[in-house]
Amino acid sequence: MQSFYVTTPIYYVNDRPHIGHAYTTILADVLARYHRLMGTPTFFLTGTDEHGQKVQRAAEAAGITPREQADRTVVRFQDLWRRLEITSDDFIRTTEARHTRVVQQILQDLYNRDEIYRAEYDGWYCVTCERFYTDKDLKDGCCPEPGCGRVVERIREANYFFRMSAYQDWLIRTIRERPGFIQPDFRRNETLGFLRQPLNDLCISRPKNRLTWGIELPFDADYVTYVWFDALVNYISAIGYPEDRTRFERWWPATYHLIGKDILTTHTVYWPTMLKAMGLPLPQTIFAHGWWLVGRDKMSKSSGNVVNPMAFAERYGVDPFRYFLMAEMTLGQDASFTEEAFVRRYNADLANDLGNLLNRVMKLIGKYGGGCIPEPADGAAGGDEIALRKAALETAGSVGAAVEGMRLDEGLARVAGLTREVNRYMERRRPWDLGREGRLEDTATVLYHAAEALRIVSGLLFPVMPNKMAELRRALGVRERAPDMGRLQEWGVLGAGVRIGEMRSLFPRIQDASGTDAPGGTEGRRTGGAGRRPERSKEEKVEITYADFEKLDLRTARIDSAEKVEGADKLLRLQIDVGGEKRQIVAGIARHYKPEDLAGRTIVVVANLKPATIRGVESRGMLLAASSGDTLRLVTVDGDVPGGSAVS
Ligand code: MSP
């Protein structure tokens, strides 16, 4: 039987996880869940990339050992995956013996067969990308990697090289012959374009006098392994290569290596040539997805716009967060993440279309079906019913095809379309009128059709929103928590007479503080913290409990820099450091402070305020200030405390 083996990149443990990491892992999870429900034997692998310069540097900066750095950070990924309902079958850490042993075996074998050789190297090295370049590789004398462009160092040293160049022609031929190997097509062309230049041999070692945090070369103790040569091997070491041949062959070749577009060359050039040298077959598909931007900007620590997936899922729920990421990104293309877009989609697809439909159907079944799935009457089903059944079954088929074709956003758009179709059907057939008029067979038939269509919707959305859809299924009286995908293309599965469950609102509408629906409500309405709260008269004063007060996360923060927000004469954009976490906030203090006077001050911020976009600039938190008439002064602390200290 065909199996399904899906992998994510293994993530560096130099920093905390962000929405980009969450995206790839949720995508793999959705695919894995879908295939499991299809009955396909499935293996889903994720993990962490723990060696190399990035991790060593992060450890140095934190004043800890690289192992401590890895041990501290890995739990952040593992906690997040638990929170996001990730059902990976294994989590590999490249520092585990089961992995390091395999890397060393592979290196030794390639060295014995002269696939790896020692040579003197003289070239340009980019410390950030951990890669060597020749003179002609450089761009304006700097690192040519997109998004890097840093100054490179001239390095002359002996190293070990993998004879990658020997496989160039073979690789070009293979990519041409196997159109599915690199997807989407434009990424395949990108790799073919890269291969138009002569391919160099790959330097796979780093001398210990420069880097100690890596897997020692089995044939030379003065060197550690280049982090990519180590990391890529995780895809086979985790499934038993080379010791457990049976397990290995059960899963290899992988069905999908899911990656972001940033790591295309390593996966489509280094990895296939490494596998070829090892005598192993290639994965079926390397799929490179696009980039999540925040608004229109690249997400980066220095701009303070890194989206924290844990915080977002806490605020709005895990399932809607998963849904948004899957529905919003067309696989392969870049997508834009904003809270406004999230709220808009949530309110439209989930709260309005699906949640309200379910409420309505449940209430009517309570009223006219005595709380049990009604029995449809053959004679009462007409053209509308036939059309609804057809739409539901066709949708189930097309979602399957969309998942197979890696067009998840299209699949979800189809399910949203079906939900709207059921709403239109209800409006046309008006079971509430039919019930009032005593046309009970018609009422029962319409409610059965709506409920059965909802069963299909819940099954199709299950891999994306497992908890919410399990709730929906319980509400419809379906016994199995998870659907059998095969039964989504059948009509008439809901048993008449089965008691429906309790249902509280599945997707409560998101409203902003002013009570209006949120999109646009957040933008512009809040002008960023200090100096804008209307003064309250004594009579108006509201008392709060200590528990209310405790909800505020007040913290000290150091201002790193400040600048004016273009086109807004009251606003300043501040880059702040809240105990090591870099953030950007917008504050209405430009009339009271000059940007250059603010750097270095320690202020107090509300750290858990919902992020908002103010004049197009994201603000994550609000500073505190005292104001009276025209005077406004920042709240600061009396003496030295580290940034990020709790204020209570
Ligand atoms: N450790 C390497 C991968 C080794 S795989 C054998 C690495 N790690 S990483 O922590 O930098 O994670 C890179 C991956 O995170 C990307 O390929 C992508 O899957 C995801 N993303 C990181 N930033 C992203 C966005 N802004 N948007 C979408 N995904 C991105 O590279």
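The model is predicted, so local features need pLDDT of at least 70 and side-chain atom pairs count only at pLDDT 80 or more, while totals for chains, interfaces and linings use all residues. Residues are numbered from 1 along each chain as its sequence is written, and side-chain values use heavy atoms, with hydrogens and water left out.

**Domains**
- The protein is divided into domain 1 (338–489) and domain 2 (523–634); such bounds come from an automatic or database domain assignment.
- Between the C-alpha centres of domain 1 and domain 2 the distance is 45 Å.

**The sheet of four strands**
- Helices (H or I, at least four residues) and strands (E, at least two) are DSSP runs, numbered from the N terminus.
- Four strands make an open sheet with antiparallel pairing, in the order β6-β5-β7-β9; two strands pair if DSSP finds at least two bridges between them.
- β6 (131–133) and β9 (202–203) are at the edges with a single partner strand each, so one side of each has no neighbour in the sheet.
- Helix α10 (residues 264–278) packs on this sheet and touches β6, β7 and β9, where contact means heavy atoms within 4.5 Å.
- The direction of α10 makes about 35° with that of β7; axes are lines fitted to C-alpha atoms, for helices over the stretch in contact, and angles run from 0 to 180 degrees between N-to-C directions.
- Strand β5 (residues 116–126) is joined to β7 by ten bridges, and the two run antiparallel; Tyr121 stands opposite Glu157 in β7.
- β5 also pairs with β6 in the antiparallel sense, over three bridges, and Tyr125 has Phe132 in β6 as its bridge partner.
- A hairpin is formed by β5 and β6, with four residues between them, and Glu130 in the turn has a positive phi of about 55°.
- Strand β7 (residues 153–162) is joined to β9 by two bridges, again antiparallel; Phe161 stands opposite Cys203 in β9.

**The sheet of five strands**
- Five strands form an open sheet with antiparallel pairing, in the order β20-β19-β18-β21-β24.
- Its edges are β20 (581–587) and β24 (622–623), each with a single partner strand, so one side of each is left without a neighbour in the sheet.
- Strand β19 (residues 572–578) pairs with β20 over seven bridges in the antiparallel sense, and Arg573 stands opposite Val586 in β20.

**Helix pairs**
- Two packed helices are described by the angle between their axes and the distance between the axes.
- Helix α3 (residues 66–83) and helix α11 (residues 309–316) pack at an angle of about 25°, with axes 10 Å apart.
- α3 and α11 are therefore roughly parallel; angles under 35 degrees count as roughly parallel, over 145 as roughly antiparallel, 65 to 115 as roughly perpendicular and the rest as oblique.
- Asp79, Leu80 and Arg83 of α3 meet Pro309, Met310, Ala313 and Glu314 of α11 in the contact.
- Helix α12 (residues 318–328) and helix α13 (residues 339–368) cross at roughly 100°, and their axes come within 10 Å, so α12 and α13 are roughly perpendicular to each other.
- The α12 side of the contact consists of Pro320, Phe321, Tyr323, Phe324, Ala327 and Glu328, and the α13 side of Ala341, Phe342, Arg345, Tyr346, Asp349 and Leu350.
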